[in-house]
Amino acid sequence: MTMLEDRTPAASSPTEWPTAYPRGYAVVDVETTGLARDDRIISAAVYRLDARGEVEDHWYTLVNPERDPGPVWIHGLTSEALEGAPLFRDVAQEFAARLDGRVLVAHNAVFDWQMIAREYARAKREAPVRQRLCTIALAKELALPLPNHKLESLAAHFGVVQRRAHHALDDARVLAEAFRPSLRAAAAGGVRLPLHECRPLTEWQDRPAPRLGQHSGGSDGPRPTSWRPARKRPACPYPNPGRYEDGKRLKQGMRIAFSGDTSVERELLEDRATEAGLHVATSLSRLTSLLVTNDPDSGTSKVVKARQFGTPVVDEAAFGQLLRDVEPAAPR
């Protein structure tokens, strides 16, 4: 099922506007079969906004994932509902037209981008997205007084009413309505938008997945090959404040190193750290603020150096909790 709604009238917006801001945005939400790198998109929605955040149109589609739909109790999409839906390759061109030339905006944007990029890689195509903007990162830049960084909290702050949580179209609508005042506040305050490069995948191969109606929890079959993005991380804009102290918050500019296997793919963890304002280091030195590893007793070179230098060590779960509340760097 695909739905498209025509352009809606734009409301008036401030006359002063930063010339460096993007010329258009695509507010996106995708629902998926799960969170792993071989999970699939089952529905997608895009609200196209102009340079000042006014809605131009919106689009929504179901997607047949050709496998078990995953947590139906969250997204409500059953195998029966998805069976007659188009495959991703069938909607890829229309989806691309919605994204083309715009900044992709999403709540926890790195996740939505990774899911979209993988689907395009499977279809042997490339999504026409060059930059993304995470509304969590923007809320932090604006220092919004939120109790947490859930979409419902951002919506409540701006008085946006959510009608159907975890439905891609409604989530995208809510985010678009909350993004508009966020964008205006940033423009009025001269805030630099937290834009990040979207790196396309250069290769992809899935492991065999359960078909629709089959259980997806098995571990049989070959593991998916690792994907390699064409990547070059921008320099961290914040100075290194020193080592992480147990019981305290991470602070923007801290140097973070990773070692060993992680349950969430390494690239996703690194992107989350970068978007939080941390410096992702490929090696460990005396300047490293924190080492993230699930096996602190291993003999990897980073773990050995961490012991030698007295570098603090946390596991992946603890790091995920710390990422939720990173202390802003002091102004230069």
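1. Let's start with Gly190: this residue, just after α7, takes a positive phi of about 65°. Helices here are DSSP runs of H or I with at least four residues, strands are E runs of at least two, and both are numbered from the N terminus. Please keep in mind that this is a predicted model, in which local features need pLDDT of at least 70, side-chain atom pairs count only at pLDDT 80 or more, and totals for chains, interfaces and linings use all residues. Residues are numbered from 1 along each chain as its sequence is written, and side-chain values use heavy atoms, with hydrogens and water left out.

2. Helix α7 itself covers residues 168-189. Its end C-alpha atoms lie 31 Å apart, which agrees with the 32 Å that its 22 residues should span at 1.5 Å a residue (1.5 Å times one less than the number of residues). Because 16 of those 22 residues are buried, α7 is largely enclosed by the rest of the structure. Buried means under 20% relative accessible area, exposed over 50%, and partly exposed in between, with a 1.4 Å probe and protein chains only.

3. Buried residues make up 51% of its 332 residues.
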